[in-house]
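Welcome, and thanks for taking a look at this one.

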Amino acid sequence: MTKPSLLELPPGVQLVYLAEGGANVIFRFVATAPSKPTSGIKKDAKNISIPPPSTINSTEHGNLPARFHGKLLRLRKETAADLPYTEIVRNFDTIIRPLFRPDELVDQTLVRLPEGLLARCNEQLRAIERSGARPAKRHGASLCLTEPFGLLITDMTTAGDPGATLTELKPKWLIQSPSAPATALRCRTCALREMKNQRARRRGQNEQRSFCPLDLVSDRFENVLHATGRIKGCKDRTRLARILYRNPTLLKLQSHQKARRDVGLHGPPPQSREMSLAMTLRDCTMFVKIPQDEKSPVEIRLGDLDLKIGAGGKAEYWRDMETQLINHGWYRGCNNQTPSECALQGPRRPNPNPNALT
Ligand SMILES: O=P(O)(O)O[C@@H]1[C@@H](OP(=O)(O)O)[C@H](OP(=O)(O)O)[C@H](O)[C@H](OP(=O)(O)O)[C@H]1OP(=O)(O)O
Ligand SMILES: Nc1ncnc2c1ncn2[C@@H]1O[C@H](COP(=O)(O)OP(=O)(O)OP(=O)(O)O)[C@@H](O)[C@H]1O
């Protein structure tokens, strides 16, 4: 069988910073008309290109080859994990892809990078940092200069459809941790958030407010509505709740989590492939692109499904978190100074055995 030929980015490609996480930076392609190759591209004090927002939102494809339309470029940061994109893509193709339909996933395809592109992007990151537009917690991080590839990923932004809105959420743990106490009044996600918030309060930092994942997969619409009211950036909680209520992709994610339920303190060895997959499925991002017209289809895809690895201290971190949540009363809700969002406390508590006759 012949291997599909590897994509290459054209040498003159123009990119603009979109967003970043702890391990990757996302860039948008900027279409430039061949006659005016850098029209509208500003230079900052150090002569680094920063295309203006009007170019960023352009729906024109200009001289960009067709196979890059509707795509973003994901570039790898220098991190302790140091896992090459070839391996990330191999894990994605063999372990993650078979679990979902293609239209449920943010696709990712390897693309070879032209010489000098990473150095230029690093300059752009520094320029953005100086301009104050880079999130403070990401300052100082740069792209890995030895990574020869980038990933072309499905563009879930609304750039091609300005009337649409994008909601981004992390569904997190859609079932309780098996090692949580039976009498728990907090799910794994709410317990951990409350623990982190107490630390943040002590340091004078902002607390994180979010929804309870158990509400998101509730079979009661009003609980899903309760959750969508707490999703950051959600402009129409009722419409989003209608979209997410019994949503097949969300329920599929939950059922994959159920099939890999041996997490927490029990189950497979913390550095095993099974544990890696179980934890990956509990830390992905759901992108919901909602068109203005209620009759047009909504696009829902899961992203950030890079297989986690237990090495490098991660397995110990997972185990340590669970031990703290159990031993310091976070699952039992003993430390709370503010009302809890968790569905396990109060009238929204899910029925532990929905099939049981009452
Ligand atoms: O530990 P958690 O549950 O808070 O999840 C971490 C995430 O925190 P958040 O969901 O935003 O509160 C965290 O998200 P942020 O970087 O804080 O946005 C990461 O996703 C982290 O995974 P990794 O170390 O990048 O592989 C996540 O770590 P693990 O899923 O590997 O535990
Ligand atoms: N396909 C996409 N369409 C639109 N925006 C995206 C897409 N993928 C990522 N983003 C944006 O970029 C951010 C960072 O991307 P990504 O999740 O790939 O980074 P990461 O470093 O892997 O994250 P983490 O910190 O969870 O490890 C996302 O939170 C999101 O805002």
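This is a predicted model: local features need pLDDT of at least 70, side-chain atom pairs count only at pLDDT 80 or more; totals for chains, interfaces and linings use all residues.

**Around Pro98**

- Pro98 sits in the loop that runs between helix 2 (85-96) and strand 7 (108-112).
- Met275 lies 177 residues away from Pro98 along the chain, and the C-alpha atoms of the two are separated by 17 Å.

**The chain as a whole**

- The protein chain contains 10 helices and 11 strands.
- It has 358 residues, and 31% of them count as buried.
- Among contacts in the protein chain with a separation of 6 or more, 71% are made by residues 24 or more positions apart.

**Two domains**

- The domain assignment divides the protein chain into domain 1 (7-154) and domain 2 (165-327).
- Taken over C-alpha atoms, the centres of domain 1 and domain 2 are 26 Å apart.
- Where the domains meet, 15 residues of domain 1 are in contact with 14 residues of domain 2.
- On the side of domain 1 that touches domain 2, helix 2 gives the most, with 5 residues.
- That side of domain 1 is made up of 11 nonpolar, 3 polar and 1 charged residues.

- Six strands form an open sheet in the order 1-7-8-6-3-2, and their pairing is mixed.
- Strand 1 (7-8) and strand 2 are the edge strands, each pairing on one side only.
- Strand 2 and strand 3 run antiparallel to each other and pair over 6 bridges.

**The largest nonpolar core**

- This core holds 70 residues, and Cys187, Cys212 and Leu216 touch the most other members.
- Helix 3 (residues 117-131) contributes the largest share of the core, 5 residues.
- Both domain 1 (7-154) and domain 2 (165-327) supply at least three residues each to this core.
- Beyond its neighbours within four places in sequence, Leu216 is in contact with Pro171, Leu174, Phe211, Val224, Ala227, Leu244 and Leu250.

**Ligand 1**

- Which residues are found around ligand 1? They are Gly21, Gly22, Ala23, Lys170, Leu192, Met279, Asp283, Lys308 and Trp318.
- By class, the shell around ligand 1 has 4 nonpolar, 2 polar and 3 charged residues.
- Domain 1 (7-154) and domain 2 (165-327) each give at least three residues to the shell around ligand 1.

**Ligand 2**

- Ligand 2 is surrounded by 20 residues, of which the closest are Ala19, Gly21, Gly22, Ala23 and Met156.
- Which strands each supply at least two residues of the shell around ligand 2? They are strand 2 (14-20), strand 3 (24-30), strand 6 (71-76), strand 8 (149-154) and strand 10 (285-290).
- The shell around ligand 2 divides into 8 nonpolar, 7 polar and 5 charged residues.
- At least three residues of the shell around ligand 2 come from each of domain 1 (7-154) and domain 2 (165-327).

Terms used:
Residues are numbered from 1 along each chain as its sequence is written. Chains are lettered from A and ligands numbered from 1 in the order in which they are written. A residue is near a molecule or strand if its C-beta atom, placed from the backbone, lies within 6 Å of it. Helices (H or I, at least four residues) and strands (E, at least two) are DSSP runs, numbered from the N terminus. Ala, Val, Leu, Ile, Met, Phe, Trp, Tyr, Cys and Pro count as nonpolar, Asp, Glu, Lys and Arg as charged, and the others, Gly among them, as polar. Domain bounds come from an automatic or database domain assignment. A nonpolar core is a set of buried Ala, Val, Leu, Ile, Met, Phe, Trp, Tyr and Cys residues joined through C-beta atoms within 7 Å. A residue is buried if 20 or more other C-beta atoms lie within 10 Å of its own, exposed if 12 or fewer, and partly exposed in between; C-beta atoms are placed from the backbone. Two residues are in contact if their C-beta atoms, placed from the backbone, lie within 7 Å. Two strands pair if DSSP finds at least two bridges between them.
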